Amino acid sequence: GVHVIEPGLGYLACGMVGAGRLADPEKIVAETLAVLGVSQDLAGETVLITAGPTYEPIDPVRFLGNSSSGKMGYAIAEAAIRRGAKVVLVTGPTALTPPSAAEVVQVETAEQMRNAVMEHFAEASIVIKTAAVADYTVKQRSDQKIKRKGEMTLELTPTADILAELGARRVKPSQIIIGFAAETEHGIAHAREKLRNKKVDAIVMNDVSQAGIGFGSERNAATVVTTHEEIDIPEMPKFAMAQRVLEIALKLRTPQKSEVASR
Ligand code: PMT
């Protein structure tokens, strides 16, 4: 059961030339993954992933946000890297350390996330949007800290729907675009509506009314809604779900792509 990675050839510390150098780290990683049966089926591809929340500033010290931890998106980034992809991770504020091999774009607001996603969209063959993007932003951000003085009303204005914009502007028909949705009721119906309206290939619907999954937790469970089917992913660690989502992305690319493109 032992697999030997042969040493590299070249000049050695002892002054001789020959076999004896530390093998290239990339070679060690690639051979280790191959022995472990981890497929490199995303080699040569760019996967664009969004993760975490967005923060919409109210004043210099307050914002509108949500409790996305970024764990789901970071798990997909890590899984895609292990399968050989170049990963661009556009992330809202989180407490996580991004995978070192990812190209990371840190953003705060929905508008910044949109700009970063649009900048990298053309190079991506797969886009997966796990980010919990604010649907509304504050119309008039105060330059100074707002003082407490009884009731107040915040005027909000809708943010750009990044996922819908991607669905409307596919750079090539083979691009796979997957959104996530956190729902508390009528999850499948809402996911199907998002799939149709945003013209994407799949919506991964988390029923966040279930305890122990979704926002902030280590585990998730979902139903992946596509035009053709509903795929149940039972509760599992987020990294395992990340692998399932990537497999679905690859499967979506194969036969029925022409129908997807014409939706
Ligand atoms: O980050 P974790 O703590 O690990 O939690 C994971 C998660 C629960 C946040 C994640 O798995 C999830 O469900 N993300 C989607 C959250 C959500 O409610 O999305 P939505 O239904 O508001 O949006 C649907 C899709 O449109 C999402 O892909 C979202 O990125 C996208 N969207 C939404 C609004 C907007 N203005 N632009 C967008 O692109």
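Q: How many bridges join strand β3 to strand β8?
A: This is a predicted model, in which local features need pLDDT of at least 70 and side-chain atom pairs count only at pLDDT 80 or more, while totals for chains, interfaces and linings use all residues. Residues are numbered from 1 along each chain as its sequence is written, and side-chain values use heavy atoms, leaving out hydrogens and water. Strands (DSSP runs of E, at least two residues) and helices (runs of H or I, at least four) are numbered from the N terminus. Strand β3 (residues 46-51) and strand β8 (residues 126-129) run parallel, and the bridges joining them number 4.

Q: Which residue in β8 stands opposite leucine 48?
A: Two strands pair if DSSP finds at least two bridges between them. Across from leucine 48, the residue in β8 is valine 127.

Q: Which are the edge strands of the open sheet of 8 strands?
A: The sheet has mixed pairing and the order β7-β6-β3-β8-β11-β12-β13-β14. An edge strand pairs on one side only, and this holds for β7 (103-106) and β14 (230-237).

Q: What angle does the direction of helix α3 make with that of β3?
A: Neighbouring strands of the sheet are turned by 15° against each other on average, direction ignored. Helix α3 (residues 110-121) packs on this sheet and touches β3, β6, β7, β8 and β11. Angles run from 0 to 180 degrees between N-to-C directions, with axes fitted to C-alpha atoms, for helices over the stretch in contact. The direction of α3 and that of β3 make about 175°.

Q: How are helices α2 and α6 oriented to each other?
A: Helix α2 (residues 71-82) packs with helix α6 (residues 238-253), their axes 8 Å apart and at an angle of about 60°. Angles under 35 degrees count as roughly parallel, over 145 as roughly antiparallel, 65 to 115 as roughly perpendicular and the rest as oblique. The two helices, α2 and α6, are therefore oblique.

Q: How many nonpolar residues are in the contact of α2 with α6?
A: Contact means heavy atoms within 4.5 Å. Among the residues making it are Met72 and Ile76 of α2, and Phe239 and Leu246 of α6. Beside 1 polar and 4 charged residues, the nonpolar ones number 10.

Q: What does alanine 160 count as, by its relative accessibility?
A: Alanine 160 is found in the loop between β10 and α4. Buried means under 20% relative accessible area, exposed over 50%, and partly exposed in between (1.4 Å probe, protein chains only). Because its relative accessibility is 39%, alanine 160 counts as partly exposed.

Notes. Ala, Val, Leu, Ile, Met, Phe, Trp, Tyr, Cys and Pro count as nonpolar, Asp, Glu, Lys and Arg as charged, and the others, Gly among them, as polar.
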